Amino acid sequence: MPVLNKEKLKEDGSNYLDWIRTLRITLRYENKEYVLDEHVPVLGENPPPYEVTAYNKHNDESTKMACLMLATMASGFQKNFETWGAFEINQQLEEMFQEQARQERFEIVISLMACKLQEGAFVCAHIQKMKSCIDRLGNLGVELPKELAIDMVLNSLNSSL
């Protein structure tokens, strides 16, 4: 968890994408990433014991993760979200900063499309650069089909290879 304390989420959201990536990695390690993506279930009347157990577990983990999220945010966010659950905080932040993520995706796609192996450059370094762009797109929710990614890499190579 100390990795989350490196840099708090700024109120202008300029570091949101890095912050949420680090948060997701940390929660994935703890097997709790689901609390960002799923509502706490609603219990009906006279629920069976397994539903109560699932509810209690999800609710407790959502509360703990919301506290963790709040602890790694600027104070303005803390005040706004202090009574919210992890899922609701995540949804609101995604909505607030989706334009920032869209801009980053756009810039990565432009960079990827402009990649051409320069004369005398190492092929391995060039492919790593392209793979990095493709991986960053994946982190932003854009999954390129494997065949398309391979075609893009091959197209970026000089015809003299």
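Helices here (H or I, at least four residues) and strands (E, at least two) are DSSP runs, numbered from the N terminus. By that count, Y16 is found in helix α1, and several of the views below start from there. What you're looking at is a predicted model, where local features need pLDDT of at least 70, side-chain atom pairs count only at pLDDT 80 or more, and totals for chains, interfaces and linings use all residues. Residues are numbered from 1 along each chain as its sequence is written, and side-chain values use heavy atoms, with hydrogens and water left out.

**View 1. Y16 and W19 pair up within helix α1.** The two residues are three apart, about one turn of the helix. A search of the whole structure turns up five aromatic pairs. Here rings of Phe, Tyr and Trp (its six-membered ring) pair if their centres lie within 6.5 Å; planes under 30 degrees apart count as stacked, over 60 as edge-to-face and the rest as tilted. One of the pairs is Y16 with W19, a tilted one with 6.4 Å centre to centre and 35 degrees between the planes. How buried or exposed are these two? With buried meaning under 20% relative accessible area, exposed over 50% and partly exposed in between (1.4 Å probe, protein chains only), Y16 is buried at 4% and W19 is buried at 3%.

**View 2. Y16 also pairs with F97, over in helix α5.** This pair is tilted too, at 5.1 Å centre to centre with 35 degrees between the planes. It links distant parts of the chain: α5 covers residues 86-114, and the two partners sit 81 residues apart. F97 counts as buried because its relative accessible area is 8%.

**View 3. The surroundings of Y16.** Contact means heavy atoms within 4.5 Å. Setting aside neighbours within four places in sequence, Y16 is in contact with L9, N90, L93, E94, F97 and Q100. P41 is another story: Y16 and P41 are 25 residues apart in sequence and 27 Å apart in space, C-alpha to C-alpha.

**View 4. Helices α3 and α5 pack against each other.** Their axes are 8 Å apart, at an angle of about 45 degrees. The axes are lines fitted to C-alpha atoms, for helices over the stretch in contact, and angles run from 0 to 180 degrees between N-to-C directions. That makes α3 oblique to α5, since angles under 35 degrees count as roughly parallel, over 145 as roughly antiparallel, 65 to 115 as roughly perpendicular and the rest as oblique. On the α3 side, S62, M65, A66, M69 and L70 make the contact, and on the α5 side A86, F87, I89 and N90 do. Sorted by class, that gives seven nonpolar, two polar and no charged residues. For the sorting, Ala, Val, Leu, Ile, Met, Phe, Trp, Tyr, Cys and Pro count as nonpolar, Asp, Glu, Lys and Arg as charged, and the others, Gly among them, as polar.

**View 5. G85, in the loop between α4 and α5.** G85 is buried, with a relative accessible area of 19%. Apart from its neighbours within four places in sequence, G85 is in contact with S62 and A66. Y29 is 56 residues from G85 in sequence and 20 Å from it in space, C-alpha to C-alpha.

**View 6. The largest nonpolar core, with 32 residues.** Such a core is a set of buried Ala, Val, Leu, Ile, Met, Phe, Trp, Tyr and Cys residues joined through side-chain atoms within 4.5 Å. Which residues have the most contacts inside it? They are Y16, W19, L23, M69, M73, I89 and L93. At least two core residues come from each of α1, α2, α3, α4 (75-81), α5, α6 (123-139) and α7 (146-156). The largest share, seven residues, is supplied by α5.

View 7. Most residues other than glycine have a negative phi. N31 is in the loop between α1 (16-29) and α2 (34-37), while N46 lies in the loop between α2 and α3 (49-71). N31 is exposed at 62% relative accessible area, and N46 is exposed at 74%.
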